[in-house]
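Reader: Hi! Could you walk me through this one? I'm new to reading structures.
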Amino acid sequence: MKSRPRILVVEDEPAIAELIAVNLQHGGFEAVVAQDSVTAQRALDVALPDAILLDWMLPGQSGLSLARQWRKHDRTKGIPILMLTARGDEPDKVAGLDAGADDYITKPFSTQEMLARIRAVLRRRSPESSSDAVAVGELVLDADTHRICYKNQDLRLGPTEFKLLHYLMKHVERVHSRSSLLDKVWGDHVFIEERTVDVHIKRLREALGDAGAMVETVRGSGYRLTVQAATPEAQSGR
Ligand code: CA
């Protein structure tokens with residue numbers, strides 16, 4: 001049996017660290033907790049984890065500075081780092097990206113979102129892995145558990161909308177024609193009118209609620225899923 005992926009959790013608040021560790025264990029991971037940068041470095045020296053959950057605010061050396069340090073070293077630079085940040089800290093996110101973080105989890109977060117985002121970074125690092133989770137902005141889809149969440153809220157989608165969204169999320173920012181979506185999502189052995197795609201795109205947008213604007217219509221070409229969705233105001237030209 002394949003061993004469980006090991007996650008190093010660097011978090012100074014014992015209650016949060018404990019909660020994360022328990023949820024990781026229930027989610028099929030092994031958790032190693034470090035409450036400060038010195039302990040975290042020691043844990044890394046002993047054994048490399050499969051991914052690191054790194055709190056931004058730590059006593060002593062900050063999470064940001066740790067991420068930078070680990071990215072610089074050959075031994076640690078390939079380990080996916082997910083930063084834990086406070087809600088709405090946009091400048092933090094930019095700085096963290098520069099420091100080499102792979103993803104962000106904004107506190108407070110749901111267990112399902114955390115697990116899905118970890119699976120997503122592990123999958124990006126090893127595409128052959130069986131886990132099938134993908135994250136685009138705050139939209140997270142986990143094909144293993146058939147869950148979708150946006151900003152920590154679970155969303156309900158029909159089976160076709162789920163497949164359609166999964167495909168769009170795996171090929172984010174690309175424009176797909178209706179016929180290519182029919183081929184890739186419905187399968188080319190099925191004869192369906194291209195208008196069917198429009199119907200399911202409409203249902204998908206409705207089911208996505210606030211995230212529906214991420215599914216863009218590209219006039220004359222087809223559809224695209226984008227992280228930087230235009231606001232409804234901008235779309236209506238106001
Ligand atoms: Ca903290």
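Reader: Where does Leu82 sit?
Author: Leu82 belongs to strand E4, residues 81–86; strands here are DSSP runs of at least two residues (E) and helices of at least four (H or I), numbered from the N terminus. This is a predicted model, where local features need pLDDT of at least 70, side-chain atom pairs count only at pLDDT 80 or more, and totals for chains, interfaces and linings use all residues. Residues are numbered from 1 along each chain as its sequence is written, and side-chain values use heavy atoms, with hydrogens and water left out.

Reader: OK! Is Leu82 buried or exposed?
Author: Leu82 counts as buried, at 0% relative accessibility. Buried means under 20% relative accessible area, exposed over 50%, and partly exposed in between (1.4 Å probe, protein chains only).

Reader: Switching topic: which residues coordinate the calcium ion?
Author: Asp12 (OD), Asp55 (OD) and Met57 (O) do, at 2.1 to 2.4 Å. Donors are N, O and S atoms within 2.8 Å of the metal (3.2 Å for Na, K and Ca), and water is not among the atoms, so sites may look incomplete.

Reader: What does the pair Asp12 and Met57 tie together?
Author: Asp12 is in the loop between strand E1 (6–10) and helix H1 (14–26), while Met57 is in the loop between strand E3 (51–55) and helix H3 (63–72), so the pair ties together parts 45 residues apart in sequence.

Reader: And how accessible are they, in terms of relative accessibility?
Author: Asp12 is partly exposed at 24%, and Met57 is exposed at 61%.
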